[in-house]
Amino acid sequence: MNNKYVAPPYRIKMVEPIKVTTKEERIKFLKDAGYNPFSLRSEDVYIDLLTDSGTGAMSHFQWGALMQGDEAYAGSRSFFRLEKVAKGITGYKYIIPAHQGRGAEQVVLPQLVTRDGMFFISNMHFDTTRAHVELAGARALDCTIEEAMDTTTYHPFKGNFDLPRLEELILENGKENISGIIMTITNNSAGGQPVSMENMHEVKKIANKYDITILIDGARYAENAYFVKQREPGYENKSIREIALEAFEMADIFLMSSKKDGLSNIGGLICIKEDEDLYNQCRTYIVPMEGFPTYGGLAGRDMEALSVGLEEALEEDYLLHRLDQVRFLGDKLREAGVPIQYPTGGHAVFVDCKKFAPQIPYDLFPAQSVCNAVYIESGVRPVEIGSFLLGRDPDTGKNLESPLELMRLTIPRRTYTYKHLEYVADAVIEVYKNREKLVGLEFDYEPPVLRHFTARLKPVK
Ligand code: F0G
């Protein structure tokens with residue numbers, strides 16, 4: 001059978017009812033939330049596309065494993081199970097759990113910043129990664145290829161490093177000042193876009209030339225591996241495990257938010273290839289930050305669920321359906337002329353709101369305005385990734401202009417059906433038809449840092 005989008009490789013055993021609300025109710029909920037979907041109660045949301053982080057459904061194998069959690073403070077059996085699985089997938093020697101991705105970042109990144117004036121270079125730092133780089137006293141530099149900034153043109157690996165730029169950044173800042181190169185796979189902030197294996201090999205060559213540590217920020221490494229299998233010549237007959245292993249071979253450290261491709265609701269991992277000194281430093285440092293190194297902020301049962309989830313996320317049937325669901329939503333929107341980051345990424349459809357609502361200047365937050373309109377139209381909650389999130393220049397106090405103004409429709413794993421996604425597409429298309437009516441937003445209350453989480457806004461008159 002030749003289906004355009006594959007059917008789910010699972011059936012539904014338990015359901016969670018979700019509330020259907022009216023447009024009048026949603027207008028009130030959003031006003032009460034200060035026109036900021038982060039402040040909505042999730043029970044007032046019909047389809048929640050805020051994030052794919054920790055929001056997926058667990059399998060019955062995972063629910064079964066939860067019952068086997070060993071809650072010992074030290075030396076938990078559940079830790080040794082997780083360690084075995086993570087070693088098997090990465091080929092690395094040392095594994096330490098963390099409560100989530102940023103927990104892993106706060107432990108590892110400071111160990112690599114050995115003095116003032118150091119830098120991390122990434123294809124694109126995720127927000128929390130950037131925050132932990134800066135908290136550790138270093139600076140974060142990005143160098144994704146230019147093609148990622150043009151949402152309309154096809155490129156199979158829009159997450160790639162701009163290799164000449166990477167080398168330039170190393171030379172400009174001095175190789176001894178580079179704490180590490182962070183390969184973010186997939187590249188979340190550029191639209192969930194994959195990085196090719198060829199690009200990773202080139203990054204590795206550059207890192208070797210200048211003797212720089214490589215880290216993988218691999219929250220969605222399995223999705224990346226599947227894109228490689230689908231799009232990169234020479235990989236079509238390799239297993240996802242083989243492809244992932246090839247990527248891990250290139251790095252020294254793997255940091256993971258396991259709330260994504262760990263298919264669990266909480267969890268993170270620090271995996272170190274062979275540097276025993278770094279491992280010992282992290283083991284010491286993690287105790288006051290996350291917890292004892294055999295639980296790292298996780299309950300024994302969380303480690304059990306994660307051990308199973310890590311394996312399930314590498315299954316090809318699962319990955320094909322996962323990426324097809326996201327592509328389905330992307331295709332529906334594109335067919336109706338809605339501008340999206342193309343091709344569709346691995347975990348979300350990113351709508352280009354500079355093109356969607358060009359009448360709204362960046363400092364009145366076009367993407368936030370589109371998100372709000374989609375919520376009012378349908379009860380679907382998207383998230384803004386643009387100038388509202390970016391914040392202000394610390395020196396001048398001016399609102400920074402993001403190169404991309406995006407509305408992210410983030411798809412939780414194994415949670416919604418194609419019909420739900422069709423509903424989402426219809427809602428976005430309806431808002432698109434009435435896009436001239438969209439107006440910008442100004443602040444009612446602006447917190448000094450990380451403003452997008454708690455700010456209150458109001459529509460400009
Ligand atoms: N790295 C990447 C690439 C991420 O996407 C995230 C989280 C993190 C690190 C941090 O992990 O949330 O477990 O502490 N991304 C989520 C998102 C929050 O919505 O994209 P965490």
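Predicted model: local features only at pLDDT ≥ 70, side-chain atom pairs only at ≥ 80, totals over all residues.
## A loop residue with positive phi

Asp211 is found in the loop between H7 and S6. The phi angle of Asp211 is near 60 degrees, a positive value in a residue other than glycine. Asp211 has a relative accessibility of 70%. Because exposed residues are those with over 50% relative accessible area, Asp211 counts as exposed.

Although Leu450 is not a glycine, its phi is positive, at about 45 degrees. Leu450 is placed in the loop between strand S13 (441-445) and helix H17 (451-454). With a relative accessibility of 55%, Leu450 counts as exposed.

## The surroundings of the ligand

There are 16 residues around the ligand, and those that come nearest are Thr51, Arg102, Ser257, Lys260 and Arg408. By class, the residues of this shell divide into 1 nonpolar, 8 polar and 7 charged. The largest share of the shell, 3 residues, comes from helix H4 (residues 101-112).

In Arg220, an N or O atom of the side chain is 3.0 Å from an oxygen atom of the ligand. Asp217 has a polar side-chain atom that lies 2.9 Å from a nitrogen atom of the ligand. How much of the ligand does the protein bury? Taken alone, the ligand exposes 470 Å², and the protein buries 93% of that area.

## Helix H5 and its cover

Helix H5 spans residues 127-135, and its buried residues are Thr128, Thr129, His132 and Val133. Why do these buried residues line one face of the helix? Seen down the axis of H5, they fall within an arc of 145 degrees, so they line one face.

The cover over the buried residues of H5 includes helix H4 as well as strands S3 (119-122), S4 (139-142), S5 (178-184) and S6 (214-217). After H5 comes Gly137, whose phi is positive, near 90 degrees.

## Two cis peptide bonds

The peptide bond that joins Ile185 and Thr186 is cis, and its omega is about -15 degrees. Thr186 is found in the loop between S5 and helix H7 (197-210).

A cis peptide bond also leads from Tyr342 to Pro343, with omega near 0 degrees. Pro343 lies in the loop between helix H12 (316-335) and strand S9 (348-352).

## Arg327 in helix H12

Arg327 lies in helix H12. The side chain of Arg327 makes a polar contact with the side chain of Asp324, at 3.0 Å.

Which residues does Arg327 touch, leaving aside its neighbours within four places in sequence? Arg327 is in contact with Lys4, Tyr5 and Thr344. Arg327 and Gly346 are 19 residues apart along the chain, and their C-alpha atoms are separated by 8.2 Å.

Methods:
Residues numbered from 1 in each chain as written. Heavy atoms only, no water. Near = heavy atom within 4 Å. Polar contact = N/O pair within 3.5 Å; in protein donor to acceptor, adjacent residues only side chain to side chain. Areas by Shrake-Rupley, 256 points an atom, 1.4 Å probe, with all protein chains shown as cover. Helix = DSSP H or I, 4+ residues; strand = E, 2+ residues; numbered from the N terminus. Nonpolar A, V, L, I, M, F, W, Y, C, P; charged D, E, K, R; others polar. Buried < 20%, exposed > 50% of the residue type's maximum accessible area, 1.4 Å probe, protein only. Arc of directions from axis to C-beta. Contact = heavy atoms within 4.5 Å.
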